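Me: I have a protein structure open and would like to learn how to read its features. Could you take me through them step by step?

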Amino acid sequence: VYKPERLAGDKKCINVKGMVWQVKGTDDGGYRLLIKLDPGQPTTLLNDKNISLVKGCLVAEIICAHRPITQPDALKSCGTFESKIKVPELNDHVQITGTYMLDTENGWYSIYPVTDVAVLPKR
């Protein structure tokens, strides 16, 4: 994880289920997923920034998942590591596992980094 000081929280590992609303490759070599949580998932996982900036979704980041990495401050943290986590597709129903954190630069809650993605049967 590059710039770990931007991430705050008690570093709990959680599982959430939801629909992949967006998949976007990022300059830091990761994939940012926006997950629209399933009914019954805790609404406390989202804050006002999740609601206003990322359309009511939980952000999930698969780190070091693609090349080239073009963000200079992320080059060192990935090094030669490349994630083997399969990136889900738009509209996949998924279970995401990873560390639940507050991204203090963006203000939203996220799972960062994602440690597992399981594609579930369509609802």
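Reply: What follows takes up the disulfide, the salt bridges and the pocket in turn. This is a predicted model, in which local features need pLDDT of at least 70 and side-chain atom pairs count only at pLDDT 80 or more, while totals for chains, interfaces and linings use all residues. Residues are numbered from 1 along each chain as its sequence is written, and side-chain values use heavy atoms, with hydrogens and water left out.

Me: How many disulfides does a search of the whole structure find?

Reply: A disulfide is a pair of cysteine sulfur atoms within 2.5 Å. The search of the whole structure finds one, formed by C64 and C78, whose sulfur atoms are 2.0 Å apart. C64 lies in the loop between β3 and α2 (72–78), whereas C78 is in helix α2, so the pair ties together parts that are 14 residues apart in sequence. Helices (H or I, at least four residues) and strands (E, at least two) are DSSP runs, numbered from the N terminus. The torsion about the S-S bond of C64 and C78 is about -90 degrees, so this disulfide is left-handed.

Me: Are C64 and C78 buried or exposed?

Reply: Buried means under 20% relative accessible area, exposed over 50%, and partly exposed in between (1.4 Å probe, protein chains only). Both C64 and C78 are buried, whereas C13, at 58% relative accessibility, counts as exposed.

Me: Which residue forms a salt bridge with R32?

Reply: A salt bridge is a side-chain nitrogen of Lys or Arg within 4 Å of a carboxyl oxygen of Asp or Glu, and by this rule the count comes to three. R32 pairs with E61, their closest N and O atoms being 2.8 Å apart. Because R32 lies in strand β2 (residues 31–37) and E61 in strand β3, the pair ties together parts that are 29 residues apart in sequence. R32 is partly exposed at 22% relative accessibility, while E61 is buried at 5%. Another salt bridge joins the side chains of K122 and D92 (3.8 Å, N to O).

Me: Which classes of residue make up the lining of the largest pocket?

Reply: Asp, Glu, Lys and Arg count as charged, Ala, Val, Leu, Ile, Met, Phe, Trp, Tyr, Cys and Pro as nonpolar, and the others, Gly among them, as polar. The lining of the largest pocket has four nonpolar, four polar and eight charged residues.
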